[in-house]
Amino acid sequence: MHGDGLAANPLQMQPDTMGRRAKRLQGGPGRPFLKGMSGNPGGKRPGTRNRATIIAEELLDSATRRMLRRAIADAEDGDGVMSRFCLSRIIGPRRERPVRFELPPIESAADLKAAMAAVTAAVANGELTIREAWEFSQMLDTFIRAIDATEFAAQLERLETAAARNADDAREAGDAREP
């Protein structure tokens, strides 16, 4: 029954229209398309969304007003969790606060010691939290790196200028020796 060109299921008795040669050109068993050649080469259109997500959003949108009114009513009735939830949506959590802190001026790497002493004293006095002090120390580190990079660039420029001057002097001295 395998060689007579009928379908795999003998009860269906349909002719095998695909043929063995056509199957070999496909991607293999369980892969109807060749690699890189799908049934939709363009892929999904940009912005295409999952049908289940769209339905879930529509259901939530239809119930949003009722849910919000119930949450506000619960908060007004004294539910502490709902009160915190509603206030957090109105105000939002404060992640950082402005810090009033007198930092001594920093002009060179030598000023780092005074700045770090001021940060440490502020933590000891309770003016700064440990996290704020750490952030100040990171800022001071970045500032000192910028100063070091600027000083290094100036030093390198001075050395290159001196080396060029020495090369010019050597060239002139070499020209004076030649007749």
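Which residue's side chain meets that of R171 in a salt bridge? Please set out the other salt bridges of that part as well.

Reply: The model is a predicted one. In it, the side chain of R171 forms a salt bridge with that of D168, with an N to O distance of 3.1 Å. Both residues belong to helix 5, where they are 3 residues apart, about one turn of the helix. R171 counts as exposed because its relative accessibility is 51%, and the cut-off for exposed is over 50%. D168, at 35%, counts as partly exposed.

Side chains of opposite charge can pair when their charged atoms come close. One joins the side chains of D141 and R145, at 3.1 Å from N to O. D141 is partly exposed at 34% relative accessibility, while R145 is exposed at 56%.

The other joins E135 and R131, whose side chains meet at 3.5 Å, N to O.

Helix 5 itself covers residues 130–177, and F143 lies within it. F143 is partly exposed, with a relative accessibility of 39%. The C-alpha atoms of F143 and L112 are 9.5 Å apart in space, although the two residues are 31 apart in sequence.

Conventions:
Residues are numbered from 1 along each chain as its sequence is written. This is a predicted model: local features need pLDDT of at least 70, side-chain atom pairs count only at pLDDT 80 or more; totals for chains, interfaces and linings use all residues. Side-chain values use heavy atoms; hydrogens and water are left out. Helices (H or I, at least four residues) and strands (E, at least two) are DSSP runs, numbered from the N terminus. Buried means under 20% relative accessible area, exposed over 50%, partly exposed in between (1.4 Å probe, protein chains only). A salt bridge is a side-chain nitrogen of Lys or Arg within 4 Å of a carboxyl oxygen of Asp or Glu.
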